[in-house]
Amino acid sequence: MEKKSFINSANISRISIAADIVIPFALYYAMIKNSDVIAWVLLGIVVITRLALVITTK
Amino acid sequence: MEINLFTWFLAAGPIILFLVVMLGFKWGGSRAGALSWLATVLVALIFFGANFELIAYTYSKAFFLSLDVLLIIWTALFLFILTEQAGTITKIGNWLTDLTTDKAMQGIFLGWLFPSFLQGMGGFGVPVAVAAPLLVSTGFNPIQALVMSSVGHAWGVTFGSMASSYQSMLAVTNLPGELLAPATSLLLGILAFISGLLVTFVADGFKGLKRAFFTTALISAILAGGQYLLSSSGLWIIAVTVPALVALIVTFLIIAFRKSSKTPSRISQKDLLLSLLPYVILVTLTLVFNLVGWFKTTLGQVKFELFFPEIATSLGDVTPAGPGRAIRLLTHPGSIIFLSAMITYLVFNAAGILKRNDLSVIFKRTVKSSINTTIAIFTMVGIATIMSHTKMTEILALGISRAFGRSVFPLVSPFIGALGAFITGSNSNSNVLFAALQMRTAELLGLSVPLILAAQTAGGAMGSMMAPAKVILGCATVGLINKEGEVISKILIYGVGLVLFTGILVMVINRFGIF
């Protein structure tokens, strides 16, 4: 039986929504507290999920 | 930043890209939104002086703006799926079909007046989300249903939602409401008539339009006259709700008097009352929450908001420090819809229409149906927020206004309002963005300020129905997920036509110097 890849449109969509709900708060507090590295990582995750959405969505 | 053709096209780039992939390549809203957000970030960073701080803060700000819309989308979908699971939505469709087989009259009732009434009270996408599935249940195809409910309620957007868009225009221009009301209600009143005609046309072609012409004219007189009288006397918060309610009653009487269908009704009076219950509860709760001061003052205090620092671009464009969008959880329209849905569930459960385990099925279906819509809203609002902070939106509007002189500006003015609403998904936001700009341009060109501001908000009202965020929401409620491109291309035809008509109307009124 063929194993279904984890990287598919449905999973990426779920991850993207989770990121869009959690990251805005974390990013806000990272920015307010001048935690630049954390802020860069968080925004990086957002950009990667957006890219993944463009690539995986049919 | 200097405004020239190059910078104007750069500012328009993300919107053009979004439209091209949605309309040309038939991409769904979530994929098109994600690509356009990435493009907006790149263009803002490279050409409009954005920096990491701006992108990070606008992303957080956009979350709250998105949540304001999403709370309505999620709960409207929940209510719709609940009524579908209970089978009541089909019953309403059957009842109306039994009452009248006239497609044009069905369109007037459910595609024009009912969404207008809902717009008067709540707006924020609720009219389309609630009316479109009802239209589908009476036999209209989903695209027809979305076009009818979108076109049908647009005239009521400015004075709808308890006149929040109108209030925002008054706030940014610092002008009295009584001064702007006559010109605004005249334009929107005429647009109410045109939108009624368009709804009958979409419902049943030219035959329907011809057959229902006098009814449409009569109903329009009630809507336009009521709106004019109420808004001119300072009662703009009910300038859509009351005329739309009167028009609904008059239309029901006309349908009952004519009774074109000879078949007896397929559903009993008890079934009909139960089927209408969710909407009765929704209307009652909305009125109570909006009109009883205690609810707003006491429950409205429970809010969630973050304070954002000043954000500046390297080009010197500054967004002052201030609070982000406040989410008033207990008085939010989404909370009212959810409360209505839960009361409905309890009644339906007691009446044996829904079982206890149906609730989890409804929740699961709601989550599944809202995934793509949620992503699309997050990305679209994100784009609008970056564009407004980097002044890309202002460059778009200024470019349009500078390209045209005194004689042509009245024609262009509604397009600026429409552009703002199209990008942001909201007539209120468009007024916040452009009302001051339109007022200043009118003063510089020696045009009537009330007329140009009326053109701004009327254009914004028409533009809001074409906004991808609203179309995506509508698509989700009639099962057209990932078909947003097809639907938006249909709505654009009517929307752009209505904005153009508004512009011509403003030119004519300006020529005769009425205001």
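In what kind of bond do the side chains of A:D20 and A:R50 meet?

Author: In this predicted model, the side chains of A:D20 and A:R50 meet in a salt bridge, with an N to O distance of 3.0 Å. A:D20 belongs to helix α1 of chain A and A:R50 to helix α2 of chain A, so the pair ties together parts that lie 30 residues apart in sequence. A:D20 is buried, and A:R50 is buried as well.

The setting of this pair is chain A, which has two helices and zero strands. With a radius of gyration of 14 Å, well over the 10 Å that the globule rule gives for 58 residues, chain A is more spread out than a compact globule. Its C-alpha trace spans about 50 × 20 × 15 Å along the principal axes. Of the 58 residues of chain A, 43% count as buried. In the loop between α1 and α2 of chain A lies A:N34. A:N34 has a positive phi of about 55°, although this residue is not a glycine. In contrast to the buried pair A:D20 and A:R50, A:N34 is exposed, because its relative accessible area is 62%, over the 50% cut-off.

Together, A:Y28, A:R50 and A:V54 supply 26% of the area that chain A buries against chain B, more than any other three residues. The area buried between the two chains is about 2500 Å², and carbon and sulfur atoms give 79% of it. Between chain A and chain B there are zero salt bridges, while five residue pairs are in polar contact, both residues being at pLDDT 80 or more.

Over all chains, a search of the whole structure finds six salt bridges. One of them, in chain B, is formed by B:E84 and B:R365, whose closest N and O atoms are 2.3 Å apart. B:E84 sits in helix α3 (residues 52-86) of chain B and B:R365 in helix α15 of chain B, so this pair links distant parts of the chain, 281 residues apart. B:E84 is partly exposed, with a relative accessible area of 33%, and B:R365 is partly exposed at 31%.

Another salt bridge joins the side chains of B:D102 and B:R211, at 2.7 Å from N to O. B:D102 lies in the loop between α4 (88-99) and α5 (103-121) of chain B, and B:R211 in helix α9 (residues 177-211) of chain B, so the pair ties together parts that are 109 residues apart in sequence. B:D102 is buried, with a relative accessible area of 13%, whereas B:R211 is partly exposed, with 43%. Salt bridges that share partners join B:D102, B:D204 and B:R211 into one network.

Technical notes: Residues numbered from 1 in each chain as written. Chains lettered and ligands numbered in written order. Predicted model: local features only at pLDDT ≥ 70, side-chain atom pairs only at ≥ 80, totals over all residues. Heavy atoms only, no water. Buried area = accessible area lost by both parts, 1.4 Å probe. Salt bridge = Lys/Arg side-chain N within 4 Å of Asp/Glu carboxyl O. Polar contact = N/O pair within 3.5 Å; in protein donor to acceptor, adjacent residues only side chain to side chain. Helix = DSSP H or I, 4+ residues; strand = E, 2+ residues; numbered from the N terminus. Buried < 20%, exposed > 50% of the residue type's maximum accessible area, 1.4 Å probe, protein only. Rg over C-alpha atoms; globule rule 2.2 N^0.38 Å.
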